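User: I'd like to go through this model with you. Can we take it topic by topic?

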Amino acid sequence: MSDNDHTPKTIGPNTQLVRAGYDPFDYHGFINPPVVRASTVLFPDAKAMETHSQKYTYATRGTPTTDALCQAVNELEGAAGTIIVPSGLAAVTLAFLAYLGPGDHALVVDSVYGNVRHFCDTMLKRFGVEVEYYHPSIGAGIESLLKPNTRLVHLEAPGSNTFEMQDVPAIAAAAHRQGAVVTMDNTWATPLFFRPLDFGVDISIQGSTKYPAGHADILLGTVSANAAHWKRLRQANGALGICGAADDAYQVLRGLRTMGVRLERHQASALEIAQWLEDRGDVARVLHPALPSFPGHDLWKRDFKGASGVFSFVLAVARKEDFGRKAQAFLDALSLFGLGYSWGGFPSLALHVNLDERQILQAPTEGPVLRLHIGLEDVADLKADLEKGFAAAQAI
Ligand SMILES: *Cc1c(COP(=O)(O)O)cnc(C)c1O
């Protein structure tokens, strides 16, 4: 945990990524911060212990390593304070636990990350919170869903797996008139391509597991709050004792230093492949916000500075009963794309999206939805790999 002053930065985003969070001369000039593995912190005397008159008191409340990451994320998000937690999922659930209580009503976008839906439908329900899902394109129309007890409105844009965009400022303004806190899962864009707090969001959530870590080897999440909501978030973090480890925080800070150049490549390669897919007869639709053909493109263009490397496409399959086996044939023919969950690391990944749990949004009818994460390989090789998938799907 760290409440550091946020001073407006006039430097460019890549300069910021290189410098944010840590001054080498805080630790003898070494470029990277030390990895402080700790539980106990010693006090020099009993009075210091009783008054907690020193910066660090116990490692659940932060260490120089976790503080360096929190401070870097504060700078990138324009936040008053940031906490780190052991996964992206924990970042969302902790934010919900911080602001919701029995009898509250929460509005959650229907394209939400699936494990968050599970948390809402099980644990939040058990704790007496009523969760209602809303259409991602609702915009200012969210007004009609707000109730006197609506305490929290959760956004995720683009939405998981199908990438629907949301009118963030319109939704935030309506939610605030009702006194609700606005939380947003910004994992797809990272603060490099979208800064939720600048658009009226109160709490910005990152699955640091994805692009910040960047190497498919770390689980971590961050929750960043504006000044009005920081105190309560910090208290919830302290009450729950859900904190990130120093080694993981170190690796994510290290990942941030190169995130700008990695994202540039993910963005360019994914867009090239998305455009190539769009021109194919065996693809029904490409779900990528940076394509002008995509329904939410105007919102993306208005508010976002870039696009990351994960998107989906709908394989054109005539009969619904063939969706599953055609999708499997496609995926099994790939060798450069791995079949696995998550994204944001250096290797490309693919999976068949399951949309069964959606309550409002309809799954595409033209064929199965396949999600691709475009990694750092050469685009020509990835296209050749996908060609094998199309051929295999065609052949059965
Ligand atoms: C992956 C993901 C998460 C969860 O991150 P983990 O670290 O894997 O728990 C949360 N939100 C979104 C949008 C994600 O894609």
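User: How many aromatic pairs does a search of the whole structure find?

Analyst: The search finds 10 aromatic pairs. Keep in mind that this is a predicted model.

User: How do Phe194 and Phe304 pair up?

Analyst: Their rings are stacked. The centres are 4.3 Å apart, with 10 degrees between the planes.

User: Where do those two sit in the chain?

Analyst: In distant parts, 110 residues apart. Phe194 is in the loop between helix H7 (190-193) and strand E6 (203-207). Phe304 is in the loop between helix H10 (297-303) and strand E9 (310-315).

User: On to the ligand. Which residues surround the ligand?

Analyst: Ser87, Gly88, Leu89, Tyr113, Glu156, Ser160, Asp185, Thr187, Thr209, Lys210, Leu219 and Trp343.

User: What is that shell like by class?

Analyst: It has four nonpolar, five polar and three charged residues.

User: Which pocket does the ligand take up?

Analyst: The ligand's space is the largest pocket.

User: What lies 2.6 Å from a nitrogen atom of the ligand?

Analyst: A polar side-chain atom of Asp185.

User: And which ligand atom does Lys210 face?

Analyst: An oxygen atom, 2.6 Å from a polar side-chain atom of Lys210. Gly88 uses its backbone instead: an N or O atom there lies 2.7 Å from a ligand oxygen.

User: How much of the ligand does the protein bury?

Analyst: The protein buries 91% of the 380 Å² that the ligand exposes when taken alone.

User: Now the backbone. Where is the cis peptide bond?

Analyst: Between Ala157 and Pro158, with omega about -5 degrees. Pro158 is in the loop between strand E4 (150-156) and helix H6 (168-177).

User: What about phi of His28, positive or negative?

Analyst: Positive, near 60 degrees, in a residue that is not glycine. His28 is in the loop between helix H1 (13-19) and helix H2 (46-51).

Conventions. Residues are numbered from 1 along each chain as its sequence is written. This is a predicted model: local features need pLDDT of at least 70, side-chain atom pairs count only at pLDDT 80 or more; totals for chains, interfaces and linings use all residues. Side-chain values use heavy atoms; hydrogens and water are left out. A residue is near a molecule or strand if one of its heavy atoms lies within 4 Å of it. A polar contact is a pair of N or O atoms within 3.5 Å; within protein, one must be able to donate a hydrogen and the other to accept it, and residues adjacent in sequence count only if both atoms are side-chain atoms. Accessible areas come from the Shrake-Rupley method with a 1.4 Å probe; for residues, only the protein chains shown count as cover. On a 1 Å grid over the protein atoms alone, a cavity is a set of points where a 1.4 Å probe fits but cannot get out, and a pocket is an open set with protein on both sides within 12 Å along at least five of seven lines; lining residues have an atom within 4 Å of a point. A molecule sits in a cavity or pocket if more than half of its atoms lie within 2 Å of its grid points. Ala, Val, Leu, Ile, Met, Phe, Trp, Tyr, Cys and Pro count as nonpolar, Asp, Glu, Lys and Arg as charged, and the others, Gly among them, as polar. Rings of Phe, Tyr and Trp (its six-membered ring) pair if their centres lie within 6.5 Å; planes under 30 degrees apart count as stacked, over 60 as edge-to-face and the rest as tilted. Helices (H or I, at least four residues) and strands (E, at least two) are DSSP runs, numbered from the N terminus.
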